[in-house]
Amino acid sequence: MKTFIHFLFLIPFLAFSQARTAEELRAQNLKKYSLESAEINYTITGDAEGEEVMVFTDYGWTSLRQQTMTFELYGITRTQDIYEITDGDFVYRLNPEDSTYKVRKDVKWSQQASYKTPAQLSEAILFAIGGTQQSDSLLMDKKCQVWTFEGKAIQELWVWNGVVLKRKAKLGDKQIVTTATNIKLDVSPNPILFTLPKYYNEQK
């Protein structure tokens with residue numbers, strides 16, 4: 001009898017915590033980040049040189065990440081360009097050289113955002129991908145949670161309000177450090193930044 005009663009109480013919880021799509025969460029004003037919008041500029045140092053910019057709106061459900069990085073790998077100088085648009089559960093990686101894009105579905109945020117605050121959501125995801133939380137540190141007067149990762153390409157993340165402000169990563173035998181240098185909050189980016197060009201074709 002106790003088991004049956006426990007199950008009855010469990011049913012509403014399961015229905016409440018059931019994963020929903022980002023579109024459903026947006027419609028209910030549920031947030032990915034606690035910040036509504038921002039533009040963040042980064043510099044890339046270590047065994048590489050470059051710059052990165054991230055712009056997001058709609059509490060993180062819509063974002064653009066653009067990166068240009070030059071590094072030497074196995075004696076050859078390479079340049080890596082990333083242009084990535086996130087719209088809800090879908091991430092579009094654009095290739096301007098041949099006007100194509102690849103799309104992947106990323107539901108790790110929307111699976112939990114229906115029953116977690118943005119702070120709880122960020123911590124749950126970092127823990128789920130193998131992170132270990134260390135002592136907090138300051139970057140640009142922002143109190144960041146520092147997370148480390150054993151045996152992964154991403155070695156360390158500094159996270160403020162769910163947003164990564166510093167990233168240490170390995171690329172082959174190279175150490176790449178990406179650090180925020182400027183943060184603008186409450187921005188109003190042009191919607192075209194988050195729009196997939198009509199003449200781009202999907203690369204299967």
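Which strand holds Thr-86? Thr-86 is found in strand β4. This is a predicted model, in which local features need pLDDT of at least 70, side-chain atom pairs count only at pLDDT 80 or more, and totals for chains, interfaces and linings use all residues. Residues are numbered from 1 along each chain as its sequence is written, and side-chain values use heavy atoms, with hydrogens and water left out.

**Overall layout**

- The chain's secondary structure comes to four helices and 13 strands. Helices (H or I, at least four residues) and strands (E, at least two) are DSSP runs, numbered from the N terminus.
- The C-alpha trace spans about 70 × 45 × 35 Å along its principal axes.
- Of the 204 residues in the chain, 38% are buried. Buried means under 20% relative accessible area, exposed means over 50%, and partly exposed lies in between (1.4 Å probe, protein chains only).
- Among contacts in the chain with a separation of 6 or more, 45% come from residues 24 or more positions apart. Contact means heavy atoms within 4.5 Å.

- Strand β4 (residues 76–87) pairs with strand β5 (residues 90–95) in the antiparallel sense, over five bridges. Two strands pair if DSSP finds at least two bridges between them.
- β4 and β5 form a hairpin with two residues between them. Gly-88 in that turn has a positive phi of about 65°.
- β5 also runs antiparallel to strand β6 (residues 100–105), joined by six bridges. Leu-94 stands opposite Tyr-101 in β6.
- The hairpin of β5 and β6 has four residues between the strands. Ser-99 in the turn has a positive phi of about 55°.

**Thr-86**

- Thr-86 has a relative accessible area of 11%, so it is buried.
- Leaving aside neighbours within four places in sequence, Thr-86 is in contact with Lys-32, Trp-61, Thr-62, Ser-63 and Val-91.

**Salt bridges**

- The structure holds 11 salt bridges. Each is a side-chain nitrogen of Lys or Arg within 4 Å of a carboxyl oxygen of Asp or Glu.
- One of them joins Arg-26 and Asp-58, with the closest N and O atoms 3.1 Å apart. This pair links distant parts of the chain, 32 residues apart. Arg-26 sits in helix α2 (residues 22–27), and Asp-58 in the loop between β2 (48–57) and β3 (62–73).
- Arg-26 counts as buried because its relative accessibility is 16%. Asp-58, at 30%, counts as partly exposed.
- Glu-84 and Arg-93 are bridge partners across the strands, Arg-93 being in β5. Their side chains also meet in a salt bridge (2.9 Å, N to O).
- Glu-84 is buried at 10% relative accessible area, whereas Arg-93 is partly exposed at 37%.
- Asp-136 and Lys-143 meet through their side chains in a salt bridge (3.8 Å, N to O). Asp-136 is partly exposed at 37% relative accessibility, and Lys-143 is exposed at 58%.
- Shared partners join Glu-52, Arg-65, Glu-84, Arg-93 and Arg-167 into one salt-bridge network.

**Largest pocket**

- The volume of the largest pocket is about 1,200 Å³. On a 1 Å grid over the protein atoms alone, a pocket is an open set of points where a 1.4 Å probe fits, with protein on both sides within 12 Å along at least five of seven lines. Grid points are joined across faces, edges and corners, and a volume is the space filled by probe spheres set on the points.
- The pocket is lined by 39 residues. Lining residues have an atom within 4 Å of a point.
- Arg-65, Glu-84, Ile-154, Val-164 and Arg-167 lie nearest the centre of the largest pocket.
- β11 gives the most to this lining, with six residues. Other elements that each supply at least two include α4 (118–128), β10 (154–160) and β12 (174–185).
- By class, this lining has 20 nonpolar, nine polar and 10 charged residues. Ala, Val, Leu, Ile, Met, Phe, Trp, Tyr, Cys and Pro count as nonpolar, Asp, Glu, Lys and Arg as charged, and the others, Gly among them, as polar.

**Second largest pocket**

- The second largest pocket has a volume of about 300 Å³.
- Its lining has 15 residues, with Asp-81, Arg-93, Leu-94, Asn-95 and Pro-96 closest to the centre.
- β3, β4, β5 and β6 each give two or more residues to this lining.
- Five nonpolar, six polar and four charged residues make up the lining of the second largest pocket.
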